[in-house]
Amino acid sequence: MIEAQGLVKTFGSLRAVDGVGFTVRKGELYGLLGPNGAGKTTTMSMLAGLLAPDEGQIRFGGIDLAARPLEVKRQLGVVPQEPALYETLTARENLRFWGGLYGLSGRDLAGAVDRVLDLVGLADRAAEPIRGYSGGMKRRLNLALGLVHGPSAVLMDEPTVGIDPQARLKILEAVKGVAAAGTTVIYTTHYLEEAEELCDRIAIMDHGKLLAEGTLEELIRRVGGRELVTVRGAFAPQALREVVASLPGVTVTAEEPGRFVLTVDGSGRGAVEVLGRVLGAGLDVHGVSVQPPSLNMLFLNLTGRELRD
Amino acid sequence: MIRLVPHLVAKDLKRKARSPLGLLIVLSFPVLFAGMIALAFGRGGDAVPKVRMLMANEDDGLLGSALASAFSAPQASRVFETRAVSAHDGHELMERGKASALLVVPAGFTRDLLDGRAVTLRLTRNPSEGILPEIAEQTAGILVDVLEGGRRVLDEPLAQLRPLLDARDGAPSDAEITAIALLVKRALEKSGDLVFPPAITLESELLGSRNPHAVAGKEAGGTTSAIFLLILPGIAVYAIFLVGDQAMRDVMTERTLGTLRRQLAGPVTVGTYVVGKAATTALLCLLSLAVLTAVGALALRSPVSVAAFMVVSLALVLAITGTSAIIYGLARTERQAATLSSLIYLVMAFVGGSFFRIESLPAFLRNVAPFTPFYWATQAYREILEKGAGPAAVLTHAAILAAMGGTFLALGGVALHRAARRGATA
């Protein structure tokens, strides 16, 4: 359905997207996961036809975006990161405008508007000017505007940034509903949980490059049976290094003042033994946490830093 | 594009209708401004203050009396309220701010003038009364010129007349009078065309009535509406430019809202978007013109050419759309655009004669004025309203205005196209 090959985009000396390529199948919910500045939004802008790639090619259903942009854009829905709405109009008027832009009219338009209002749970507030909406409601309407014309593929660029958990939940439910209806979705996020919960396949991006791609299970398998142990406290880094040096399969993955992240593979007795040694060494430990294999661990292994950094 | 442009325009008009305050303020500006000036200066004609003139005539001769009485003549009395005083009293009244100006005719004025000696009339002006003392000064200057010219032309007969004026022993004989009369006749014949007919004729006409005597026989409120219509065209042209500016500013607003990106990610091309904004701007300007025209029509006393008005208005709308397209195409930010447009419109309105009549501007500004669309629009509307001009009389104005607009729109369209692309990728 969507093919991106060798995408490159540079801004001055910055190579924002560096050889990114992937294929998204019809009806698939594909996640682009990466921290801020990873190149996700630039990739989405190229997919939406707003930015021309310096190199590479994008095809939607076999149609070259660069050659026939309007044909592609008519089948595409876009949900930008920041709500792009007309605040003096009501939700229904906004939806009617965007639906009309794609050629919907009459009953088709009215039906489509009602359908997406129900989907995002705004039917009862549809007649109000949206300048009175909360941030979460605006984001839900922002999602609805990208869906009103019934696109075959939707690009969603971090649609849940900066909203309360309840509103996020509603948006995630709506996204699942869209995907369940057979719409192809490319979804960017820097929230691990969202990617894990929503996406059929996930691509991990950082510094403009696509580092890994696969289903959640495939990606976690790349981590192996390893666990992540985080130790916080007031101690000399060298002291902790000496404690774990003698333990097989334990490596210091990340280090910052007062906080150490250790990767523990399955060759020894795992996290339990590490914790015993650390606590028994008389170090001033304030807290420890153990994470099972996860996307965060994969990201850490691939980039040397955690996704939340 | 044909399907999308009306859709885009309808959306923009609906947004404007939901948030009309800015537009209403801009539209009320010319009406209030012209209305206030008309009320201040036009109520029944009597509200215009008279020049309070003090006349201290210390001369006992004929010409001193003639000069003094000139300010009391029926025609002058519409402008001047003249009071005869002594020089001492006059200065005292001036000190107390009780008059606009004091004119002192010195003793021996008539004799000195007839003898060809230099004479000085002393005019003291009240600086606190703005333009009124200036009127007194201008009028006195004209009278001095008349007297000076008369003395030179009638130099020979005056030489004959002088002994008779000095003689105290009875009236001159018929023969003497006949001889002097013949000398006067010859002198005037020599001056011929220079003096008759007079080189300058002042004919007053009340705007809207096209009746030269209407000023004298003013009807109630007639002057108010005349002044209103005198002020309105220029200020209205300025206001319509501001309406166009507001409409085109939406390019920047949509960039900030993110809706520009969203449209361009959909089936809207940059070209369609630009045409949509230009069409919205033109339509809003036309609507605003209709509103201001309706207000102006209330003050109008006689019909004007609708065809001429339409021709000029359409050309003006084209010029406004083009000008605003250039400004918003070149500006990088909304603030930059707002500053740029305020400056450009203010300067063009001033230079183009929208705020002050072009005749009252310095010569170098009058030479620059035709390079602004404000000039052609304001002049054309004044021709229509003040002189009852038809389409043929304002065709040149409209053609130049349309040519300017077309050129600006072509250049502005390209600039706006680039700006919209920048906005899409920002």
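Visitor: Before we look at the sheet, what makes two strands a pair?

Guide: Two strands pair if DSSP finds at least two bridges between them. Keep in mind that this is a predicted model. In chain B, four strands form an open sheet in the order β2-β1-β3-β4, with mixed pairing.

Visitor: Why do β2 and β4 of chain B stand at the edges?

Guide: β2 (80–84) and β4 (122–125) of chain B each have a single partner strand, so one side of each is left without a neighbour in the sheet. From one strand to the next, the twist averages 20°.

Visitor: How do you know that β1 and β3 of chain B pair?

Guide: Strand β1 (residues 51–57) and strand β3 (residues 101–105) of chain B share five bridges, and a pair needs at least two. They therefore count as paired, in the parallel sense. One of the links is at Asn57(B), whose bridge partner in β3(B) is Val105(B).

Visitor: Which helix packs on this sheet?

Guide: Helix α3 (residues 62–70) of chain B does, touching β1, β2 and β3 of chain B. The direction of this helix makes about 170° with that of β1(B).

Visitor: Why is Asp155(B) called partly exposed?

Guide: Asp155(B) has 13 other C-beta atoms within 10 Å. A residue is buried at 20 or more and exposed at 12 or fewer, so a count in between is called partly exposed. Asp155(B) therefore belongs to that middle class. Its place is in helix α7 (residues 155–166) of chain B. The C-alpha atoms of Asp155(B) and Leu114(B) are separated by 8.0 Å, although the two residues are 41 residues apart along the chain. In chain B as a whole, 39% of the 426 residues count as buried.

Visitor: Now for chain A. Why are α3(A) and α4(A) called oblique to each other?

Guide: Their axes come within 10 Å and cross at roughly 125°. Roughly perpendicular covers 65 to 115 degrees and roughly antiparallel starts over 145, so an angle in the gap between those classes counts as oblique. That is why α3(A) and α4(A) are oblique to each other. Their crossing is right-handed.

Visitor: Which residues meet there?

Guide: Among them are Leu95(A) and Gly99(A) in α3(A), and Val113(A) and Leu117(A) in α4(A). By class, this contact has seven nonpolar, two polar and two charged residues.

Visitor: How many residues does each chain give to the contact between chains A and B?

Guide: Chain A gives 18 residues and chain B gives 19 residues. On the side of chain A, α2 (69–74) and α3 (91–101) each supply at least two residues. That side divides into twelve nonpolar, three polar and three charged residues.

Terms used:
Residues numbered from 1 in each chain as written. Chains lettered and ligands numbered in written order. Predicted model: local features only at pLDDT ≥ 70, side-chain atom pairs only at ≥ 80, totals over all residues. Contact = placed C-beta atoms within 7 Å. Nonpolar A, V, L, I, M, F, W, Y, C, P; charged D, E, K, R; others polar. Axes fitted to C-alpha atoms, helices over the stretch in contact; angles between N-to-C directions. Parallel < 35°, antiparallel > 145°, perpendicular 65-115°, else oblique. Left-handed = near helix turned anticlockwise from the far one by under 90°.
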